[in-house]
Amino acid sequence: MSKADPSSFVSLDDFEQYAQANLDRNALDYYRSGAQDMITLRENQRAFDRIIIRPRILRDVSTIDMRTNIQGVSISSPICIAPTAMQRMAHPEGECATARAAERKNTCMILSSWSTTSIEDVAATTTQGNQSPKWLQLYIYKDRKATQRLIERAQDAGYTAIALTVDTPYLGRRLADIRNRFRLPSHLTMANFSDQKSQVSQSKTTSISDNASGLATYVASQIDPTLSWKHVEWVKSIARIPVLVKGVLTAEDAKLAVEAGVDGIIVSNHGGRQVDTAPATIDALEEVSLAVDGRVEVYLDGGIRRGTDVFKALALGAKAVFLGRPVLWALNYNGEDGVVEMLEMINEELRLAMALTGCVNVSDIKRDHVRVLPQARL
Ligand SMILES: Cc1cc2nc3c(=O)[nH]c(=O)nc-3n(C[C@H](O)[C@H](O)[C@H](O)COP(=O)(O)O)c2cc1C
Ligand SMILES: CCCCC(=O)C(=O)O
């Protein structure tokens, strides 16, 4: 497939196939892997096939409006960009290209705190005053001051929410990364930590231990595994912007998150990369939205590859969805333009799904539009 002929791409899978043939093994395996046997990774996509759409007919669908609001900010559609680390392995412009694509499509991008471009440089690449929201994904580092500093830097640079990842006290066991002894290429850095004063050093990113991926070793050295609800309250007490938790999969934790005062919940299993055989996110979504009962916004990521997947997530209670790997494949294919093309494709698929089910606004997408078949055995 040649870049000069984008019209040969007809689905998000085509971007993935391009990247599979084009990326080096270290990066490709890191991007595509799930944990252990990758059962949850596969389920994230397959579970959408067990949900049936119940279309309604004869409703004048000549005009479809996909606009919505998240955390009080208007975006052009409920399809947003999840945080993925180290995007410059996919394309030299990495996170900056992604940010410009998000801005062009007026959607939300979450920047990984483990990005290969700094918080400030990503902010500077987009137009000042543009309303497309940028959020910062945060881990709680052992170095608490550095963690606080990240929140302050994000606020100063105009980011409008913090997505606190709560499913990664340790990195999941990704077999390919262990086999490859994954390492960040030497010309790239964890750009938010180049400050010498920070104990979240980057020197260990390229270190190799005998029996682990370089990344798992690095994460174990940097992330605080004592992570608990106290830390969520701590982040809430510091941040002047909304704080969301990313990685909730049960009604029990959704209730605790609301009690801890979070402003939103992202139903996520980290793209199947943490605990294998955790539920597919679309299977966990409804129990979370019922438990939350409208008190805060609920979002979903994991396995979204088609407009009908987005439709199903909205029907089961998500206000918006976030794409992880498809952004990396599109970046690798053609940088900023590649991400724009990918976003346009899935947005057009959502538009058609809405039209063919009789929904002219996203708020028309209701629980009655889907029927969930019994879960298959894993
Ligand atoms: C290569 C890669 C890197 C990721 N890095 C991060 C990260 O730095 N922080 C985080 O909270 N989630 C991270 N995630 C998880 C994503 O935010 C998201 O939950 C997941 O990719 C969604 O599933 P999808 O890839 O099927 O769309 C990463 C996922 C991938 C595939
Ligand atoms: C040190 C980067 C870890 C990023 C991450 O969350 C992932 O690979 O899933």
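This is a predicted model: local features need pLDDT of at least 70, side-chain atom pairs count only at pLDDT 80 or more; totals for chains, interfaces and linings use all residues.
Local features need pLDDT of at least 70 and side-chain atom pairs count only at pLDDT 80 or more, whereas totals for chains, interfaces and linings use all residues. Residues are numbered from 1 along each chain as its sequence is written, with chains lettered from A and ligands numbered from 1 in the order in which they are written.

Around ligand 1 there are 23 residues, of which A85, S112, T165, G271 and G324 come nearest (C-beta atom, placed from the backbone, within 6 Å). The shell comprises 8 nonpolar, 11 polar and 4 charged residues; Ala, Val, Leu, Ile, Met, Phe, Trp, Tyr, Cys and Pro count as nonpolar, Asp, Glu, Lys and Arg as charged, and the others, Gly among them, as polar.

The largest nonpolar core holds 111 residues, and I162, I265, V267 and V321 touch the most other members. Such a core is a set of buried Ala, Val, Leu, Ile, Met, Phe, Trp, Tyr and Cys residues joined through C-beta atoms within 7 Å; buried means 20 or more other C-beta atoms within 10 Å of the residue's own, these atoms being placed from the backbone.

The UniProt annotation "binding site", from an unreviewed entry, covers Y30, Y139, R174, H270 and R273; such annotations may be inferred rather than shown by experiment. R174 is buried, with 26 C-beta neighbours inside 10 Å. H270 is likewise buried, with 25 other C-beta atoms within 10 Å. Leaving aside neighbours within four places in sequence, R174 contacts S33, A35, S213 and R273 (C-beta atoms, placed from the backbone, within 7 Å). With residues up to four places away not counted, H270 touches D167, T168 and G247.

Definitions and conventions: A residue is buried if 20 or more other C-beta atoms lie within 10 Å of its own, exposed if 12 or fewer, and partly exposed in between; C-beta atoms are placed from the backbone. Two residues are in contact if their C-beta atoms, placed from the backbone, lie within 7 Å.
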